[in-house]
Structures are given as C-alpha cells and as structure tokens.
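Try each task before you read its solution.

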Amino acid sequence: MIEILMVDDHAIFRSGLRRLLADEVDMRIVAEAGNGQEAIDILRRRAFDLVLLDVNMGGRSGLDTMRRIRAEWPRLPVIMLSMYPEEQYAPMAFELGANGYLSKDRDAGTLVAAIRSVATGGCYLPPGMQRSALRAGAEASLHQRLTEREWEILRLIVQGVSLTEIGARLCLSVKTISTYRTRLLAKLNLASNAELVRYCMEKGISD
C-alpha cells in the first residue's frame with residue numbers, strides 16, 4: 001500500500017483527490033496538510049511512501065517546502081502539482097529534487113500512473129518535457145559511454161516507467177534492471193533518478 005501525504009491549501013481539491021484515489025487498491029491518502037509548515041510537522045511525526053505537494057500555497061510555498069523536504073528526507077518520493085503550465089515550474093521543481101511534476105488539469109489515470117512510478121523508484125516527467133529532454137542534437141558528453149541497453153533503460157526511466165515495469169518490458173529481473181541503473185548513474189556521475197532527468201533536460205539527449 002502506497003501511503004500518501006497530500007499537501008494543498010485548498011480543502012475542496014484535497015477532498016476531490018481523496019475520493020479519486022479511493023478506488024485504487026494499492027494507494028491511499030493517509031494524511032493531509034494545508035500548508036508547507038504543517039506538512040513538515042506531519043513528516044516529522046511519521047513516515048510516508050510519497051508526498052503530493054502543491055506548488056502554489058500561502059505562507060511557505062510548495063517550492064520552499066520541497067527544498068525543506070529534500071534537506072531532511074533526501075529519499076522521500078515527491079510529486080509536485082500545479083495549476084500552472086508544466087513548463088513554467090517543472091524545471092525548478094526537478095532542480096529542487098522533485099521526482100515528478102503534473103499540472104492539475106491532467107487526467108486521473110495519469111496521476112495514478114505517476115504515483116505508482118514514483119513510489120517504486122521511478123520518476124514522472126511531463127510529456128512536453130520528455131520531448132524537449134529527448135530532443136535530437138546531444139553534445140559529446142558522458143552519456144556517449146552508455147551501452148545500447150543502458151540507453152534503453154535511461155529513456156524508460158525518463159519517461160517515468162518504474163524499474164519493475166522496465167524489467168517486465170525487457171524480460172529482465174528487477175535486480176538486473178537495478179544493476180543497469182546503478183551502472184549508468186555511475187557513468188554519468190549522478191546519484192538519483194531526479195538528477196538523471198535533469199541531466200537529460202540539460203543535455204537535450206535524443207530519443
């Protein structure tokens with residue numbers, strides 16, 4: 001069960017999201033916070049599998065809260081949500097360490113898929129940013145040292161596919177996929193999926 005902390009300053013939105021996820025057997029919102037400080041206080045009291053964090057809140061902003069979360073819980077999966085276009089805040093969210101970013105006008109299925117991906121060690125990159133991050137014209141760089149299989153796994157990670165699903169698609173064990181992921185991160189001098197996404201965005205790695 002993916003236990004989620006929902007952080008948003010609009011009670012109606014929190015209520016709607018709770019109802020939306022109620023039909024999913026593998027996830028549930030177990031706590032809510034109306035602002036960033038409340039979220040930090042809740043996180044200090046108990047553990048969660050994932051945080052859904054609004055970007056634009058009164059008081060401590062979502063971006064500010066994201067920075068605090070990464071400082072205290074560097075491995076906690078976080079998906080940021082916003083009413084604003086994805087290209088406006090997503091790069092900053094990933095720079096601060098978010099594992100996923102969605103505009104609130106995305107359909108329910110997309111959110112559910114993103115939650116599953118991020119909670120199992122993947123990340124979620126908005127479709128528009130995937131196209132930008134995987135645009136042709138990559139410069140000579142560390143990524144040229146990757147093998148064909150490492151390239152394949154890199155692209156799936158950037159698309160938000162979980163390690164379990166990657167293994168299923170490639171007919172390989174999760175342990176093998178994890179080993180490939182560790183190897184490609186080492187070759188790129190990176191430490192996490194979030195850093196991998198930022199690297200692809202910066203380098204414009206081709207699909």
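Contact here means heavy atoms within 4.5 Å. Keep in mind that this is a predicted model.

**Exercise 1. Which residues of helix α2 are buried, and what do they pack against?**

Step 1. Find helix α2 at residues 36-45. Its buried residues are G36, A39, I40, I42 and L43.
Step 2. Look around the axis. These residues cover an arc of only 165 degrees, so they sit on the same side of α2.
Step 3. Find the partners. The buried residues of α2 pack against β1 (2-7), β2 (27-33), β3 and α3 (62-72).
Step 4. Check the start of α2. There, a side-chain oxygen of N35 comes to within 3.2 Å of the backbone nitrogen of Q37.

**Exercise 2. Is D54 buried or exposed?**

Step 1. Locate D54 in strand β3 (residues 50-54).
Step 2. Apply the cut-off: buried means under 20% relative accessible area. D54 has 3% relative accessibility, so D54 counts as buried.
Step 3. Look for a polar partner. The side chains of D54 and K104 are joined by a polar contact of 3.3 Å.
Step 4. List other neighbours. Leaving out residues up to four places away in sequence, D54 touches residues including V7, D8, M80 and S82.

**Exercise 3. Describe the lining of the largest pocket.**

Step 1. Start with the space: about 410 Å³.
Step 2. Go to the centre. Of the 17 lining residues, P74, R75, N99, S192 and N193 are closest to it.
Step 3. Find the main contributor. Helix α10 (residues 193-203) gives the largest share of the lining, four residues.
Step 4. Sort the lining: six nonpolar, six polar and five charged residues.

Definitions and conventions. Residues numbered from 1 in each chain as written. Predicted model: local features only at pLDDT ≥ 70, side-chain atom pairs only at ≥ 80, totals over all residues. Heavy atoms only, no water. Helix = DSSP H or I, 4+ residues; strand = E, 2+ residues; numbered from the N terminus. Buried < 20%, exposed > 50% of the residue type's maximum accessible area, 1.4 Å probe, protein only. Polar contact = N/O pair within 3.5 Å; in protein donor to acceptor, adjacent residues only side chain to side chain. Arc of directions from axis to C-beta. 1 Å grid on protein atoms, 1.4 Å probe; cavity = no way out; pocket = protein on both sides within 12 Å on 5 of 7 lines; lining within 4 Å. Points joined across faces, edges and corners; volume = space filled by probe spheres on them. Nonpolar A, V, L, I, M, F, W, Y, C, P; charged D, E, K, R; others polar.
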